[in-house]
Amino acid sequence: MLTPLALEFAYWQETIVKIVIGLVAVLLPTGALVYMFLFKMMSFMQSRLGPMETGPHGAMQLLAEFGKFLQKEDIFPSKADRWVFAAAPFVVLVSTFMLVLVLPGGPSAYFTDLSTGIYFALAVSSVSVIGTLMAGWGSNSKYALLGGLRAAGQLIAYELPLVLSVVGVVIMAGTLNLREIVLSQSDFGIWFIIPQFLGFLIYLIAIQAELTQPPFDMPVAESELVTGYLTEYSGLRFLLFFIAEFATAAIFSAIGATLFLGGWTIPFVDPTAEFMNYIGPFVLGIKMIGIAFLIFWFRVTYPRFREDQLQRLAWKFLIPLALFNIVVTAVFKVVF
Amino acid sequence: MSTDTTEHTETNDEVEIVETDTVREALATAFADHLGDGCIESHITPGSDLWIRVDRSSWVDAARFASGPLGMSWLDFVSAIDWMPSPFGREMEAEQDWVVHGRDERQPAEQVTGYAGGDTRFQMLLRVYSIDEHIGVTIKADLPDDDLSIDTLLPVFAGANWHEREIWEMFGITLTGHPDLRALYLPSGFEGNPMRKDYPLVARRVKPWPGIVDVEAMPAADEPAADEPAADDTTDADDTTDADDTTDAGASA
Amino acid sequence: MTAELTLPADALANQDLANNAQLRYIASQAADSRINVELETEGMTLNIGPQHPATHGTLRIVAKLDGEQVIEAQPIMGYMHRGYEKLTEVRTYPQVTTLINRIDWVGSFANEVPFILAAEELMDVEAPPRAQWIRTALFEMGRIANIMLFLGDMAVQLGGITAVFYAFRDREFVLNQIESATGGRFHPNFNRIGGIKDDLPAGWIEETKSAMVKVREFCDEMEDLVVGNEIFQSRCRGVGVIPAELAKEYGLSGANLRGSGVDWDLRRDEPSPLAWSEIDWKVWTHPDGDSFSRYWVRLQETREASLMVEKLLDNLPAGPIMAKVPRIIKVPEGESYVQTENPLGAMGYYVVSKGELTPFRVKIRTASFSNMSITPWLLEGVYVPDIATILASLYFILGDIDR
């Protein structure tokens, strides 16, 4: 991704720059999402103002929250499985950071250009289930255990519609590489959201569940399980979970934008042009925010499902629908 | 109804002989017919309410009769009452008050029971209601002092469970046959039965109640809490005369 | 069960019999049951509360769980028991109203009314018509303020956070009106034996009517946002079904009983000095008896109550607001039981007087106590999320249980 900068770096220098850019690429959208949607949009939808005191319209609220979490005591429950408890947030966070690796921000603005890009992304996103289970088990709390198990059941159930909804796009593009998927949308002339609208809907529902956001927030259902697997966490470790949740929301939205909304491309503009490397990430960011808006809109509006209803929705409705979508896409691909 | 408090409740029937309540009289007769000797006494406040006092052995039978044939299947409440006059009065006497006013040596008052009479200190109360007929009845049962126990109503009303647990902890009355008699409100180590009249209100012992001034010396009353007749002391409440000249009165007409 | 089924499994060794399809089936069942024995798990005891978001207050529910399913649930209360029945025995009658305000603290005005009516019945005093009408209007406004909280809270218990903000926002209009008439948002303490404390302030009627319009707008909004929501319906329909007969046996009242299809409302069915019988209104019932029907009935009741308030204020009679009562109130000897249809259900005071300044005994029959007594039966076999649904739909106020 550094080639467009036309600079020569040693390997270690390049690594450091990549880490810094990676951190920015994860934390900046996360902060933007939290501020724009969780603080402000949600408040306006609920006829309140949200944070107003810290900075203009509460713009500095994120820093205040960050400082607050850093100051909090890092509490370990007395009979917790200490190592598991301590490691769980990092496992979740690592899976989030791995996701951003394959995300292309321009024709040559990417961290790595894996030929199995989307496959890799969906695979590492599942790693967070292990972190969630670790948190649920390690807390030595019944609420946390129930929450962790619910999360595991839910994430595994919705992994399948998520993968299957992407298959339609992959069939149309004929590649697993995310950069090439973007370029093939450009070749195609239309974004995949139009031929793959069904897939897009399934993808939206599935990531909503993967993110454990309402209406799929049973693992952290506050009226039943207090906050599920997060119950015993405090301070920095809680913050890590929080960042991971919203960073994953940002990245899933960005992947959705890449798959269905043409990624970094702008209609009628050459997608491989050199300048796309510079404006591409911002175009992608705008599309990401568009999808994230939908996610948070659902979050504010809907009550939550019950565990059995959620499983039924996944196995009996979404998966058959996704399979149907794949069959239809494949038929069209062969015929035309 | 009579405001003459000196008369005993049994004589109320003579006072209110002008008013009749055929529905409730029929109900009282039905109870008497069904329970026979088990139905001891009844009292009717015409147009308002009916009290039946039954023998302890007929307690469950009376409830079953009310809920079944009489259709009073809605359980209002089950409770108890301790008719012993409180040896502590209004619990106004904190130790500070004794210093100021001197201690009032209280004479134990005579035990007077309420409607439909009563012979013993503790009485059970059961209120059932008929949703179809819109009529309710309060059933009472005396409990002998040496054996504070009565059969549970659970076979008739499943909802009596919590009510009876409350009676058990608050009055110390044993509900025979109740499967789960444990404290409902009080902590498990609590001693005593707070709703008994001889159970002191400890909070009043340790701290005088500030509200004491409200009732002791009212400016207009010469002898507060003494024997002033109620009718003589009648005054218009201050607000009464304001009613006509409020601005809303016009809008409301 | 295992013992029965191992026998055919052993018989499976016999080749001849193994061809028997039925035996093969039994053998597979036996194998399954062996696996189940290995995996047999102990139940988990989950303490929900005393401090837990679903119990809004300090109710504690000890639930024995098998996975997500509740095997047995026992509510434990008393964390807020304040001993009001004992305290009333040392308070004078006017002082008691201050106390009983705090029983159901979100519908406090309604708490005062049955006690005052019981005392008035014993004293043979009747408040003048204007006082009764104002009482009725404030009673219904208390009901609206109370149930609006429920309408938002039930949604938030099911995870829909937005509704509760709307509820708090619009409830404020009603609370403001209660405050401007009585001086207290939550604890008006406005009833006196023989009437009410003050007449209505200037301009109050018009403001209240506009607040009632906002209440109805809120009800429409809830109908769109909550009642019409498929997820809300799938979470509520068929959950926590109470048969009507059982509801009566447990003494359920209010919307919980009307949600089970029992057409009974004390406001309509019991003679009362309050002005309910003077105006036209409707009692809403729903035949299903599940959580959804309880929500639906309460929503309709809120709308109905706002219409009732408007009708009451339109026809408010002129006249005094206090009857002649002694300055020092001594209630003659007697017993009286008065029950009214409070926001949470039937609330009654059994007042026993010995002709003194204080009641001899007051038995306070609260709606939530009876409504909640059905929970051990109701929570058996439901899933953990349904606990929140059922508790929310029964709508209890902790003070109303614990007294």
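The model is a predicted one.

Start with the size of the thing. The size of an interface is often given as the accessible area lost when the parts come together. Here, chain C and chain A bury about 2,600 Å² between them, and carbon and sulfur atoms give 59% of that area. On the chain C side 34 residues take part in the contact, while chain A brings in 24 residues.

As for what chain C puts up against chain A, the elements giving two or more residues are β1 (44-48), α7 (129-157), α8 (162-182), α10 (230-236) and α17 (384-394). Strand β1(C) has the largest share of this side, with 5 residues. Sorted by class, the chain C side that touches chain A holds 19 nonpolar residues, 11 polar ones and 4 charged ones.

Chain A also carries a nonpolar patch on the surface, made of A:F324, A:V327, A:V328, A:V331, A:F332, A:V334, A:V335 and A:F336. Together these residues have about 850 Å² of accessible area. One of them, A:F324, sits in helix α12 of chain A, which covers residues 307-335.

Key:
Residues are numbered from 1 along each chain as its sequence is written. Chains are lettered from A and ligands numbered from 1 in the order in which they are written. This is a predicted model: local features need pLDDT of at least 70, side-chain atom pairs count only at pLDDT 80 or more; totals for chains, interfaces and linings use all residues. Side-chain values use heavy atoms; hydrogens and water are left out. Contact means heavy atoms within 4.5 Å. Buried area is the accessible area (1.4 Å probe) that two parts lose on being put together, summed over both. Helices (H or I, at least four residues) and strands (E, at least two) are DSSP runs, numbered from the N terminus. Ala, Val, Leu, Ile, Met, Phe, Trp, Tyr, Cys and Pro count as nonpolar, Asp, Glu, Lys and Arg as charged, and the others, Gly among them, as polar. Patches are made of residues with over 30% relative accessible area and no salt bridge: like charges are joined within 9 Å, nonpolar side chains (Val, Leu, Ile, Met, Phe, Trp, Tyr) within 5 Å. Accessible areas come from the Shrake-Rupley method with a 1.4 Å probe; for residues, only the protein chains shown count as cover. A salt bridge is a side-chain nitrogen of Lys or Arg within 4 Å of a carboxyl oxygen of Asp or Glu.
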